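Subject: A structure for you to look at

Hi there,

Here is the structure I promised you, so please open it and keep it beside this email while you read.

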Amino acid sequence: MALSRIFGNQALRRWVFNMTGYNKLGLLHDDCLYENEVVKEAIRRLPLEVQDERAFRMVRAMQLDLQHTILPKEQWTKFEEDVRYLEPYINEVKKEMKEKQEWNKNY
């Protein structure tokens, strides 16, 4: 927390983004999430076009990893482009699961 007060939250987030390295493979933050039940259901609910884009990024990253290389710098994911595309779907799935638990608990 002290670093965020010194550098500002945005600067700290940018530093962490650059340190993770997934941007060098053309991945987005949500491409790297552990696929538990919630994430798998959120991915299933994505529009097909977004699912295809995600699959392309994942396959390309695996290929780059096998070749022990990274993308050219102009193809790296930029901080501003790293959108949390799965977040609304994850929140929706979590809310539905919680409602289902409440329903099952009462009936």
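Let's begin at one residue. Leaving out residues up to four places away in sequence, Ile-43 touches Glu-35, Gln-51, Arg-54 and Leu-86, where a contact means heavy atoms within 4.5 Å.

A word on what you are looking at: this is a predicted model, in which local features need pLDDT of at least 70, side-chain atom pairs count only at pLDDT 80 or more, and totals for chains, interfaces and linings use all residues. Residues are numbered from 1 along each chain as its sequence is written, and side-chain values use heavy atoms, with hydrogens and water left out.

**The cores**

Ile-43 also belongs to the largest nonpolar core, together with Leu-28, Val-38, Val-39, Ala-42, Leu-46, Tyr-85, Leu-86, Ile-90 and Val-93, ten residues in all. Such a core is a set of buried Ala, Val, Leu, Ile, Met, Phe, Trp, Tyr and Cys residues joined through side-chain atoms within 4.5 Å. Buried means under 20% relative accessible area, exposed means over 50%, and partly exposed is in between (1.4 Å probe, protein chains only). Two elements each give two or more residues to this core: helix H3 (37-45) and helix H5 (87-106). Helices are DSSP runs of H or I with at least four residues, strands are runs of E with at least two, and both are numbered from the N terminus. Which of them gives the most to this core? That is H3, with four residues. There is also a second, separate core of nine residues, including Phe-17, Tyr-22, Leu-27 and Leu-71. As background, nonpolar side chains tend to be buried together in soluble globular proteins.

Follow H3 along its length and you will find Val-38, Val-39, Ala-42 and Ile-43 as its buried residues. Seen down the helix axis, they fall within an arc of 130 degrees, so they line one face of H3; the arc is that of the directions from the helix axis to the C-beta atoms. These buried residues pack against H4 and H5. On the other side of H3, Glu-37 and Arg-44 are exposed.

**Charged pairs**

The whole structure holds nine salt bridges. Each is a side-chain nitrogen of Lys or Arg within 4 Å of a carboxyl oxygen of Asp or Glu.

- Glu-80 and Arg-14 meet through their side chains at 3.1 Å, N to O. Glu-80 sits in the loop between helix H4 (48-66) and H5, Arg-14 is in helix H2, and the two are 66 residues apart, so the pair links distant parts of the chain. Glu-80 is exposed at 55% relative accessible area, while Arg-14 is partly exposed at 33%.
- Arg-54 pairs with Glu-35, with the closest N and O atoms 3.4 Å apart. Here helix H4 holds Arg-54, the loop between H2 and H3 holds Glu-35, and 19 residues separate them. Arg-54 counts as buried, at 7% relative accessibility, and Glu-35 as partly exposed, at 34%.
- Glu-41 and Arg-45 form a salt bridge at 2.8 Å, N to O. Both lie in helix H3, four residues apart, about one turn of the helix. Salt bridges that share partners join Glu-41, Arg-44, Arg-45, Glu-92 and Glu-96 into one network.

**Loops, surface and tail**

Is Asn-23 buried or exposed? Asn-23 is in the loop between H2 and H3, and with 3% relative accessibility it counts as buried. Apart from neighbours within four places in sequence, Asn-23 is in contact with Phe-17, Asn-18, Trp-76 and Thr-77.

His-68, in the loop between H4 and H5, is exposed, with a relative accessible area of 74%. Its phi is near 55 degrees, a positive value in a residue other than glycine.

On the surface, Trp-15, Val-16 and Met-19 form a nonpolar patch with about 340 Å² of accessible area together. Patches are made of residues with over 30% relative accessible area and no salt bridge, with like charges joined within 9 Å and nonpolar side chains (Val, Leu, Ile, Met, Phe, Trp, Tyr) within 5 Å. The areas come from the Shrake-Rupley method with a 1.4 Å probe, and for residues only the protein chains shown count as cover. Trp-15 lies in helix H2 (residues 9-20).

Lastly, Tyr-107 lies in the segment after H5 and is exposed, at 69% relative accessibility. Tyr-107 and Glu-53 are 54 residues apart in sequence and 41 Å apart in space, C-alpha to C-alpha.

Happy exploring!
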